[in-house]
Number of protein chains: 4
Amino acid sequence: MEPRVGYVVSVSMTLSAIAINCSLKPSGAASSTDRLLGEIGQELSKLGITMPTIRAVDHDIKPGVTSDEGPGDAWPELRKRILAADILVLGTPIWLGQPSSVAKRVLERMDAFLSETDDKGRMPSFGKVAIVAVVGNEDGAHHVHAELFQALNDVGFTLAACAGTYWVGEAMGKKDYMDLADTPETTGGTTVMAARCAAHLAGLLNGQAYPGKA
Amino acid sequence: MEPRVGYVVSVSMTLSAIAINCSLKPSGAASSTDRLLGEIGQELSKLGITMPTIRAVDHDIKPGVTSDEGPGDAWPELRKRILAADILVLGTPIWLGQPSSVAKRVLERMDAFLSETDDKGRMPSFGKVAIVAVVGNEDGAHHVHAELFQALNDVGFTLAACAGTYWVGEAMGKKDYMDLADTPETTGGTTVMAARCAAHLAGLLNGQAYPGKA
Amino acid sequence: MEPRVGYVVSVSMTLSAIAINCSLKPSGAASSTDRLLGEIGQELSKLGITMPTIRAVDHDIKPGVTSDEGPGDAWPELRKRILAADILVLGTPIWLGQPSSVAKRVLERMDAFLSETDDKGRMPSFGKVAIVAVVGNEDGAHHVHAELFQALNDVGFTLAACAGTYWVGEAMGKKDYMDLADTPETTGGTTVMAARCAAHLAGLLNGQAYPGKA
Amino acid sequence: MEPRVGYVVSVSMTLSAIAINCSLKPSGAASSTDRLLGEIGQELSKLGITMPTIRAVDHDIKPGVTSDEGPGDAWPELRKRILAADILVLGTPIWLGQPSSVAKRVLERMDAFLSETDDKGRMPSFGKVAIVAVVGNEDGAHHVHAELFQALNDVGFTLAACAGTYWVGEAMGKKDYMDLADTPETTGGTTVMAARCAAHLAGLLNGQAYPGKA
């Protein structure tokens, strides 16, 4: 059989990223999630990618599953910023072993992408790559990855190898990531891989978009 | 800031896929999972990609988390076939709203990839793209996607946009996917997108491998 | 060995229940979750148990994990009503295969129970029984049960046999539970069992509280 | 409204428990799960309850969802022992943040309970109480609780307050529970509560069975 997949890609672009911190606490309050997001941002910056961070709870994201829930809804502006970036970094703390209610709210609002497809069936998020960053005192990171990978993929995001990074302490512990003197090598190494894999894939997809349906 | 991500990719390759059917029933017994896998295979074949299917339960995959659990272990041969393909299609039925024990066994054996990295920290699965196919009488597909996306990503696989396809019937129903006269347009359309997105991404990654750590 | 577990229980009490509807839509907007909650309420009323329903999104439940997040926080009043009841019925729609952000918010606020134990290590929710009611157009009910069972149990609730009831339509369907002419026998029968089992267990625990630690 | 729930319960019984260790390693190989199960057993024994432990992987539990999968199937004997006990303690290690394939196999076989109901709609597991015990080097316990709580409840088990106990180490750690010099107070205290709550509830249900449907 003849090869049917063939590409010539020549890419020289500046990629961009955006991070959403889904902490329950507003800006100003220290956040372990912020520390991990900062570490991802630092790694992305080495690749020439800037990554501003938005604290979701600062904004009045209305409940609902459309792209605009009316007067006072902060989502339309956030949505615009998310879709302007090549890489979405979604950061959340763990509560009861699960993602925060704020992370869930952000995902719910992206549900609208499912019906905003182009004539090739492609959502506005197609070609964008997501990274998931999770911190907690103890236990829950793999599950939060699972929840967020599935929800993000459902609404069109691509997940590079090593799409998640995380830190949690020992069972029923009270230690906070933001209080660690040094970033553990384990989490640090995973963060590097997450950032580098996502950037690589975002570059490839930026140069060569998904074809969608025929 | 100067762009730091730059590629020239010239690709003209034949990609390959492999499907693992994680039904509880051995070859010979009809399988709804098989029908959905067949539909993915048909779509991939339009792109010049062949996809043989392995029924996992036919093989004596020993419990454990190494790449070879000794005499009689069927995994080393399956592992070789999985790693020879560009696209892994993991298909599982739903039981109690969760992936089958056979799917879990296959994933457990890939846990070994975590310690089989090269000098750039890349697992043997890096650059390979996974599709997850799920069928059940009722309910559970999103969760099975979540479980398998997370486990597959943990062990190095990349997930293209629309990495999962599925069919389930109404709550507490008894209908089987293999008994449907026609494939519903919903599931059919999702299957097409899953196959086309995965092929596209596997092509890109085949031409330009993840760099791994610096 | 001599029996060490011995009880004499004489119970003749009126039990009470409360339902929290975690729809994204406020009161006044029709809700499929409401229909299922109503069916549970009807079954409980046959056992002499009244069940008022609160639409959580009507109330300003602040983000946080304490029992009182300060001025304007609606949680302290809701918390009081939840803890005054013997049975908590938590109802949620499914979005992206997962519980709503509103359900997550309610659970997060109950995280505080973990540190509100008495001298026997018992949370304020000890002895209370939870039912989980889930509706969606398609897929996700088992997983929502899993998430809510775990979170509710973590914060001290007991789960009777058949602690969950649900309805979902066929994969990627658009049908709403509230639009069904008749309640399917499957969901209807499950609802009856959920209500009757929870009432039975709440009665037992009301008469004979958990002893807690020695 | 008149009270409609009334009981007189006089209980003086010896309760029994059984533990299933779902380690991937056979008897003889040291198991962290075994240590945690042993600690539960010790606590139950203080209440006069004996708890033998079965290592599931020692037995040839065939794939399938009926109560007897034919010649060589070890399940019918295990099923009998599970149903003879008042308390089921299901113990599993964590792999990739999820329950072991062996735990999944055991749960799949209990799927058959769903169609083995009596004339009141009660499964053979009705009135039995489950405890879930989870250990891993790192992360995953809450999710394994969620998966097992939901699956066990689906097949008829009751979950007392604090139905799960667990230990996991810090993110991406390598420490094993069986190598800890002392049991941490956190896990130890949770184990005590899990055992005492389950015994209490099993005693109540033993004296006063679920009524099932009218």
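Start in chain C and select helix α1 (residues 32–45) together with helix α5 (residues 185–207): their axes come within 9 Å and cross at roughly 50 degrees. Helices here are DSSP runs of H or I with at least four residues, strands are runs of E with at least two, and both are numbered from the N terminus. The axes are lines fitted to C-alpha atoms, for helices over the stretch in contact, with angles running from 0 to 180 degrees between N-to-C directions. That angle makes α1(C) oblique to α5(C) (under 35 degrees would be roughly parallel, over 145 roughly antiparallel, 65 to 115 roughly perpendicular, and the rest is oblique). The crossing is right-handed, meaning that the near helix is turned clockwise from the far one by less than a right angle.

Before you click on, a word on the model. It is predicted, so local features need pLDDT of at least 70 and side-chain atom pairs count only at pLDDT 80 or more, while totals for chains, interfaces and linings use all residues. Residues are numbered from 1 along each chain as its sequence is written, and chains are lettered from A and ligands numbered from 1 in the order in which they are written.

Now show the side chains where the two helices meet. From α1(C) you want C:E39, C:I40, C:E43 and C:L44, and from α5(C) they meet C:T191, C:V192, C:A194, C:A195 and C:A199. Contact here means C-beta atoms, placed from the backbone, within 7 Å. By class, this contact has 6 nonpolar, 1 polar and 2 charged residues (Ala, Val, Leu, Ile, Met, Phe, Trp, Tyr, Cys and Pro are nonpolar, Asp, Glu, Lys and Arg charged, and the others, Gly among them, polar).

Stay in chain C and pick C:M172, in the loop between β7 (164–169) and α5. This residue has a positive phi of about 60 degrees although it is not a glycine. Most residues other than glycine have a negative phi. With 19 C-beta neighbours inside 10 Å, C:M172 counts as partly exposed (buried takes 20 or more other C-beta atoms within 10 Å, exposed 12 or fewer, partly exposed lies in between, and C-beta atoms are placed from the backbone).

Hop to chain B for another positive phi. B:D139 is not a glycine either, and its phi is about 45 degrees. Look for B:D139 in the loop between β6 (129–138) and α4 (141–154). Is B:D139 buried or exposed? It is buried, with 31 other C-beta atoms within 10 Å.

Next stop, chain A. Select A:I87: in the largest nonpolar core, which has 288 residues, A:I87 and C:I87 touch the most other members. Such a core is a set of buried Ala, Val, Leu, Ile, Met, Phe, Trp, Tyr and Cys residues joined through C-beta atoms within 7 Å. Beyond four places in sequence, the contacts of A:I87 include A:L15, A:I49, A:V129 and A:A202.

Slide along to A:L88, in strand β4 (residues 87–95). A:L88 is buried, with 25 C-beta neighbours inside 10 Å. Among its contacts beyond four places in sequence are A:I18, A:I82 and A:F157. Draw a C-alpha to C-alpha distance from A:L88 to A:L152 and you get 9.8 Å, across 64 residues of sequence.

Finish on helix α3 (residues 101–110) of chain A: 10 of its 10 residues are buried, so this helix is largely enclosed by the rest of the structure. Its buried residues include A:K104, A:R105, A:E108 and A:R109.
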